[in-house]
Amino acid sequence: MSSPSSELKPSQFVRAGAGAGKTYSLTHEVLDYAKTFRLKEDRDPKVIVTTFTRKATQELKERLLILALEEYPDLVNFVNSKSKLHVSTIHGVTDLFLKRYGIILGLDPNYKIMGGLESDRFIKSLVSQKYMGRAELQSLLEIYNFSTLIDLFKKSAVYFLEDPSARFCTPEDFEKLLNQDLLQFKTCLLEFSRDVRECSPNEKWIDFVAQLEDSLHLLENGPQGLQEFLQIFADLKKPRKGKSDSPELQVLSDFFTKDLKAKRVKKLSEPEYTKEFWDYSAEVYRDFESLSRDVCQDLLATKLKQGKIDIHDLELLTAKLLNEEPSTGRAFSHEWDYWLVDEFQDTSPFQLKILEQLIGDRPKYMVGDPQQSIYLFRGARSRVFFETQEEVKSQGGSLDFKKLNRRSHPETLHFINDLFTSFGDQFAAMDPHLEGKSVDSTKKVAEIWCINDKDEVDLGIDKEAHSLVYAIEQLLKKEPNIALDRICVLARKNSTLTRIAQVLSEFNYPFHIHSSSAFFERREILDCIALLRFILNPHDNKNFISLCRSPWFRIEDDILATITRDSGFSHWENRAQAEDHSVIKTLEIYLKRSRECGIVQCFEEALTESLMLDFHWHRDPSGRVEANIWKFIYLLQLEERNAGFNPFSFIDQLGKEIQIEESDGEGDAVAILEPNRINLMTVHASKGLEFDHIFIPEINKKPRTKTNLDFTYNEDNHLMSFRVPWGDEGANKGNLNEKLWLRHLNEEELLESQRVFYVACSRAVKSIHLFWEKEIEEGSWADQLPFDFLKEGRVQTEHYSYDVFKCHESPQAYSSTDGGFEKRTYFQPESLQEEEKSLSVSELLQSKKYFAKDSVLNWVDRSEKANRGTEIHQYLESLKYLEDSDIKHWPEDVQRAVEFVRNFKEPPLAEVIERGEVEFGFILNLDASRIEGQIDLWGQLENGDYWLIDYKTGQAKYKAKAFDQMNIYALALRHLKGLKEDHPIHLAAVFPLEEKVFCQKAKTNSEIKEQFISG
C-alpha cells in the first residue's frame, strides 16, 4: 500500500546552477509541501532537510522562519517545531537515528562526541594497555614509530567499518595491478606508434616503431615479461632529428625522450614493480591486518561501553546498524513524510548509501549543482550526482534543471559562461536574467592583471597584492557609494589571504579575514588558556613555562632557567629566585585578586592590564583577533552561569567535546566593530554567498595535487595498503595500489580545481578581477583562460568588455568619506597612544626609480636569479661563524663568491666580517617616524674606520639603490652608536656574483633626512 506522503508527492531531482535561487526553491518547497499536506491529511507533516555544512544549516533555518513569517504565518509553529521539521547536516540526521536505535549496538543514547585530541588519546591508551605484548605489534614497532602505527590503526578502522569487503593487498593483487598498469602503458605506446606513422616519417622511424611494436606483447607476461621488455627497450635507438622531419614528428621525438623514456619507462624499474617488494609488503600487511582488525573491534566495543564516539563514528555506526538490522532503517524512514537533501553534489558514495536506507520509500527532493562539487577531500564525488539523477528518472521521478541565473548581471554571466564552457563539458552555460533589457557589450565586467614588469627592477614589494589593492582603490573611485562588504577577495589558501591582508592594512583599508583554522588552536586563544590555567593552578609547571614565554608575561630565558632549576614539585614555589621581577610581582597580584573577586573577573582584568587586547587591536585592524578573545571571555562567562560551574572542567573540555552541528569546527568570531569591511575568505568558505565584486589572486599557480598517500583505500577494488620501508636507507616506499589510485585521484583533483575556480567566479554580481605575477604554471587557471591577454587595454566582445593590465600599480592610503577607519583605545601607555608612522627602508625607497627606460629583463630569468640570490645572500651572511671545512661543501658558485669576498683588499672585507656584526636589525625613532631595517654587515676596523657593507646578488648597474639603502643604514648607525651627524662612514656595495665592489662615503644625517624622510 502506498503511504499518504508518497501519494501526495513524487520524488524530484533538481539541478540548480549558481545564482538560480536554490535556497529560494528549497524553502518554498518545504512550506508548500507542508501547506498541501496539512489540507489533505489534517495534520502537519514530519519533514527532514539535510545539507552539507553547519553554515548552510543555519541559513536554511533562518530563511525558513523568515519565509513563514512573511508568506506562511500559519506555519510558523511548524517551522519552529524540531519534532516536525528537522534541519541539520547528515551528522545531525545520523545522530537522531542513533539516539533512537543505537541501543541495539549497545550505544548509550546520551553518548558524547570526542574531539580530535581526545580521540587520539583514546586509541593510544587502548593499544598501550591491550596490545603491547602482541608479537605483531612488536614486529611493526621495529619499522614504524608508535604514532605512525596509531594513525594507520585509525584509518584502517574507518575503512573496515565503512566497507566490510575492504582488505589489504596480497602478492596476487599486486600482480593484477601490475597487469592493469602495463596495459595502460601498452596503449600509450601504441598511440605513440600510430601517431609516428601518421607523420609520414623516414624508414628509420618506421623501423624504430616496428621494433617497439614487436616488443609490446611482453607487457602481457607479468614481472618476467616486464624485465624482458625493459632490456629490449634499453637497446632501442631512436632516430636522430632530421631537417626534413615534420614539426609533429619533432614533437613526438621529444615526447618519447622526455616523457616515455625518461619518466614512464624509468619508473617501471622501481621496486614496486618487483616480486620481492610485493612479498615484503604483503608480509607487513599480514601482521598489520591481523592486529588492526582486533584493534578496530576492541576500539568500537570500548567506545560503545564508555559512550564516547568520534564525529565520523556517527556515519560508521549508522551504516553498521543499518547493515545488521535493516528494519531500523525502515522504521526510521516511516517516521518522516518527506526528505529534502540540499547540496547533493557534496554527498559521498558512503553517505549516499546511508541516505538511501534512511529515506527508504519516502518521497524525496534532492537539489544541487555538480559544477560546485568541491569537497573531494571529504569523500564527495561529482559522479554521485549524475548516477542518482538517472536513478530518480528510471523510477519515474521528475527532473528539473534551473538554468536562469538571477545573481550575476547578464554581461558578467556571459563572461563566466565563455570562461567555463571553454574548460570542457563538465560546465553548462547559465541563462541571463534580462528582465526585458538588452545586453550592453561596452559594459566592463572583468579585469585581468597579468603583471609582467620586465623593465622594472624589483623593489621588494608584493606587486600582485599592491595591484589588487590599487584595483580596489580605482573601483571605489568609480563607485564611491559601494559598501566595502560587497567586495570580496577569494583565494585557495589562507596564506594568500594573509599576504593580501598585510597590504590592505598597510594602506589602511578595513578588512575581515574569515579564517578556517580551528578556534581553540589560534595563538591568541592559546595565550588566554595559558593565563586562565595559571590563575587556576600556578603549580602546573608546563603551563607556567608556556605563560612566561608569551610576550604578555615574558620572563627572560636565563631568569626562567634559574626559577625552574631544582624547583622540585613546583616552579612557582621557586619564584623567590626572581622575586623582584615585574612579571612575578604581577602574577602574585592576580592570584591574590582571584581569591578576592573571583576567577573570571580577575581573568578579564588581567587580559586588559597585560595590554593583550590593545596589542591585537593595533596589529590586526580587522578586529578578528580581538573578537576571538572576547568570544573566549563570553564562553567562559556563559559556562560560569551554569550550576556546578567547574573552571578546571571548562578548560579540560575546550575544543575536545564538540556539538553535532559544529562538526566542521568552532570558527573564528566576527569583529563586531566596523562591519563594513572588505571580505577575505577561501573559496570553500564563500559557497552560498554573493558579492558585487570578486578579486582572485594567484591564478597562475597550478592546482595542488597529491603526490603520495600514507594510507591508500582504493574505492574501485576495495584494496588497502600503506607505505613500507625499503632499501638501504629504509625510506617508506609506495606501491602499485597507491600509484593507480593516485592516478585516478589526480584526474579528479584537476577537474575539481576547475570547479573551485567556477565557485569563486560565480560569486560575482557585477565584476571579476583576476591577478597573477610571474610565469604561468602549466594546468593553472590562468593557463586555461580563453581570453586575449596578450595586449594591454580594453577588449570588447559580443556581450561584454574587459580590461587587461600588464604593469603593477601602487595604491594610495585609504580614506573614507564617512569618517574613515578609526582606531580606538582601551587602556594604553603613552607609547601606544602616539601616532607613529612605521616605515621599512624599502618603503622609503619605493618612490625612486633605479632602472633605465630601455632596459629589458627576462622575468623568468630574473625570478630564478632572485631565488638563487637569496640563498647566496644567506651563505655570505653566515661566513662569520663557519669554518673552511663547512664552506667546501657549498655549491661552486657560492664558493667562488666567498673566495672573491675574502680576498678583496680595498675595502678589507675579510676584516669587516671578522670584527663586525651581521644581520644587524634596528628600529630608529625620528620625530613622528619610525624606521625599521636590517644591515647585512657593519664593523669598525682596527684603524677606527667604520664600514657598512651591503651584499647585492642583482646587477651592478642598480648600485644607486644599494647606496641609497646604505645611506639610510648609516643614519641609523650614527644614531645607535652616538656618532656625530657627519661622522665618516664608508659604504661598500658588494656584487659577488659579478665580482664587483663599489665604494662611497655616507652622506651627512641632514642630507639623508632631506632626501628620504622630509615630508
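Visitor: Is Lys444 buried or exposed, or what lies in between?

Guide: The model is predicted. Burial is read from relative accessible area, where under 20% means buried and over 50% means exposed. Lys444 has a relative accessible area of 23%, so Lys444 is partly exposed.

Visitor: With which residue does the side chain of Lys444 meet in a salt bridge?

Guide: The partner of Lys444 is Glu447, with 2.6 Å from N to O. Glu447 is buried, with a relative accessible area of 8%.

Visitor: Which residues do salt bridges that share partners join into one network?

Guide: Lys22, Asp342, Glu343, Asp346 and Lys687 form one such network.

Visitor: How many salt bridges does a search of the whole structure find?

Guide: The search finds 53 salt bridges. One of them is formed by Glu272 and Lys733, whose closest N and O atoms are 3.8 Å apart.

Visitor: Why does Glu272 count as buried, and what does Lys733 count as?

Guide: The cut-off for buried is under 20% relative accessible area. Glu272 counts as buried because its relative accessibility is 11%. Lys733, at 23%, counts as partly exposed.

Visitor: Which side chain meets Glu411 in a salt bridge?

Guide: Glu411 meets Lys443 in a salt bridge, at 3.8 Å from N to O. This pair too links distant parts of the chain: Glu411 belongs to helix 18, while Lys443 lies in the loop between strand 11 (431-432) and strand 12 (444-451), 32 residues apart. Glu411 has 5% relative accessibility and counts as buried, whereas Lys443 is partly exposed with a relative accessible area of 29%.

Visitor: Why is helix 18 described as largely enclosed by the rest of the structure?

Guide: Helix 18 is so described because 10 of its 12 residues are buried. Those buried residues are Pro410, Glu411, Thr412, Leu413, His414, Phe415, Ile416, Asn417, Leu419 and Phe420. Their cover includes strand 10 (404-405), strand 11, strand 12, helix 29 (736-761) and strand 21 (764-773).

Visitor: What volume has the second largest cavity, and which residues line it?

Guide: The volume of the second largest cavity is about 50 Å³. Its lining consists of Ile416, Asn417, Phe420, Thr421, Phe427, Ala428, Ala429, Met430 and Tyr758. Helix 18 gives the most to this lining, with 4 residues. By class, the lining of the second largest cavity has 7 nonpolar, 2 polar and no charged residues.

Visitor: What is the volume of the largest cavity, and which residues line the largest cavity?

Guide: The largest cavity has a volume of about 80 Å³. Thr50, Thr51, Phe52, Ile90, Val341, Asp342, Glu343, Thr347, Gln351 and Leu355 form its lining. Strand 2 (47-51) and helix 16 (349-359) are the elements that give two or more residues to that lining. The lining of the largest cavity divides into 4 nonpolar, 4 polar and 2 charged residues. Asp342 and Glu343, which line the largest cavity, also belong to the salt-bridge network with Lys22, Asp346 and Lys687.

Visitor: Where is Ser215 placed, and with which residues is Ser215 in contact beyond its neighbours within four places in sequence?

Guide: Ser215 is in helix 10 (residues 203-215). Beyond those neighbours, Ser215 is in contact with Phe229 and Ile232. Ser215 is buried, with a relative accessible area of 3%.

Visitor: Finally, how many helices and strands does the protein have, and what share of its residues count as buried?

Guide: The protein has 37 helices and 29 strands. Of its 1015 residues, 51% count as buried. Among contacts with a separation of 6 or more, 76% are between residues 24 or more positions apart.

Methods:
Residues are numbered from 1 along each chain as its sequence is written. This is a predicted model: local features need pLDDT of at least 70, side-chain atom pairs count only at pLDDT 80 or more; totals for chains, interfaces and linings use all residues. Side-chain values use heavy atoms; hydrogens and water are left out. On a 1 Å grid over the protein atoms alone, a cavity is a set of points where a 1.4 Å probe fits but cannot get out, and a pocket is an open set with protein on both sides within 12 Å along at least five of seven lines; lining residues have an atom within 4 Å of a point. Grid points are joined across faces, edges and corners, and a volume is the space filled by probe spheres set on the points. Ala, Val, Leu, Ile, Met, Phe, Trp, Tyr, Cys and Pro count as nonpolar, Asp, Glu, Lys and Arg as charged, and the others, Gly among them, as polar. A salt bridge is a side-chain nitrogen of Lys or Arg within 4 Å of a carboxyl oxygen of Asp or Glu. Buried means under 20% relative accessible area, exposed over 50%, partly exposed in between (1.4 Å probe, protein chains only). Contact means heavy atoms within 4.5 Å.
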